[in-house]
Amino acid sequence: MAGYEIRTMTQEDIPQIVAIERLVFPTPWSAAAFRSELEDNGMALYLILTAAADPATVLAYGGLWKIFDEGHITNVAVHPAHQGKKLGRFLIHAMIAWAWANGISHVTLEVRPGNQRAIALYKSVGFQEAGLRPGYYEDTREDALIMWLHKEKWGKRYKVKDGLRTKLKNGARDGLRTKPRREAGRRGGISLGSGD
Ligand SMILES: CC(C)(COP(=O)(O)OP(=O)(O)OC[C@H]1O[C@@H](n2cnc3c(N)ncnc32)[C@H](O)[C@@H]1OP(=O)(O)O)[C@@H](O)C(=O)NCCC(=O)NCCS
């Protein structure tokens with residue numbers, strides 16, 4: 001995706017993230033929740049997608065917890081003004097490439113069964129439905145659709161170019177850290193101007 005960059009989230013991004021959360025999710029995460037993810041959760045990786053020309057403005061973001069060889073996607077969102085431009089797909093690819101490059105072999109997520117757009121995106125990158133988590137969403141008591149993606153089934157179609165994989169491995173490694181420093185996210189930035 002020419003012209004876009006992916007980097008790790010910093011504390012400075014949180015107000016924009018929360019604004020997007022409020023636009024796209026019925027029960028948005030709070031700023032405190034994101035702060036805690038960055039400061040206290042050593043298993044968490046949060047990636048931000050921006051235009052290369054404007055790296056301070058968040059267009060999309062996604063989070064992943066690394067639990068042994070499993071990756072648990074916590075949230076994925078694209079600013080409504082930028083949806084439908086393949087940014088969600090690009091971000092998911094980056095998250096998955098990071099996962100494969102960092103010892104994760106299986107990635108899972110929960111999605112509302114009515115969220116056809118997200119389900120279509122996840123299926124198109126290879127996620128498969130694997131049952132329901134009853135009453136998972138506290139706001140509506142909706143069940144969650146559980147989806148899984150397995151590295152061994154990722155296949156050629158979804159193979160990320162070597163250059164991108166290396167950039168993700170080297171650049172986003174800082175994303176998994178117990179106490180992120182203010183500058184760490186910037187250092188961990190991944191320029192994907194000519195990738196994917
Ligand atoms: C779901 C979301 C992340 C998708 O990101 P996006 O940038 O809008 O999607 P993309 O442009 O990358 O499209 C990727 C795929 O998603 C699916 N998709 C996108 N828009 C769609 C629509 N209006 N209807 C059905 N499927 C759609 C398609 O499979 C599409 O692939 P294709 O264009 O090759 O057919 C984004 O719409 C979003 O942030 N939604 C609100 C928050 C949310 O629901 N997050 C997921 C929580 S589990």
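Author: Two strands pair if DSSP finds at least two bridges between them. The model discussed here is predicted, and its protein has six helices and eight strands.

Reader: What makes β3 and β4 a pair?

Author: The requirement is at least two bridges. Strand β3 (residues 60-67) and strand β4 (residues 70-78) share eight bridges, so by this definition they pair. Their sense is antiparallel. Within this pairing, I67 has E70 of β4 as its bridge partner. The hairpin of β3 and β4 has two residues between the strands, and F68 takes a positive phi near 50° there.

Reader: How do you know that β4 and β5 also pair?

Author: Three bridges join β4 to strand β5 (residues 106-111), and the definition asks for at least two, so the term applies. These two strands run parallel. H72 stands opposite T108 in β5.

Reader: Why is the crossover from β4 to β5 called right-handed?

Author: The chain leaves β4, passes through helix α3 (residues 87-101) and reaches β5, a β-α-β crossover that is right-handed. The name is used because, with the strands pointing away from the viewer, the path from the first strand over the helix to the second runs clockwise.

Reader: What makes F34, E37 and L38 the buried residues of α2?

Author: A residue counts as buried if 20 or more other C-beta atoms lie within 10 Å of its own. In helix α2 (residues 31-40), the buried residues are F34, E37 and L38.

Reader: Why are they said to lie on the same side of α2?

Author: The directions from the helix axis to their C-beta atoms cover an arc of only 90°, and therefore they are on the same side of α2. The buried residues of α2 pack against α1 (14-24), β2 (44-51) and β3.

Reader: Which exposed residues does the face of α2 turned away from its buried side carry?

Author: That face carries A32, R35 and D40. For the word exposed, the limit is 12 or fewer such C-beta atoms. Across the protein, buried residues make up 35% of the 196 residues.

Reader: Which residues come nearest to the ligand?

Author: Of the 19 residues around the ligand, Q83, G88, R89, A120 and L121 come nearest. The elements giving two or more residues to this shell are β4, α3 and α4 (116-124). With six residues, α4 gives the most.

Reader: How is the shell around the ligand divided by residue type?

Author: The shell holds nine nonpolar, six polar and four charged residues. Gly is counted among the polar ones in this division.

Terms used: Residues numbered from 1 in each chain as written. Predicted model: local features only at pLDDT ≥ 70, side-chain atom pairs only at ≥ 80, totals over all residues. Helix = DSSP H or I, 4+ residues; strand = E, 2+ residues; numbered from the N terminus. Near = placed C-beta within 6 Å. Arc of directions from axis to C-beta. Contact = placed C-beta atoms within 7 Å.
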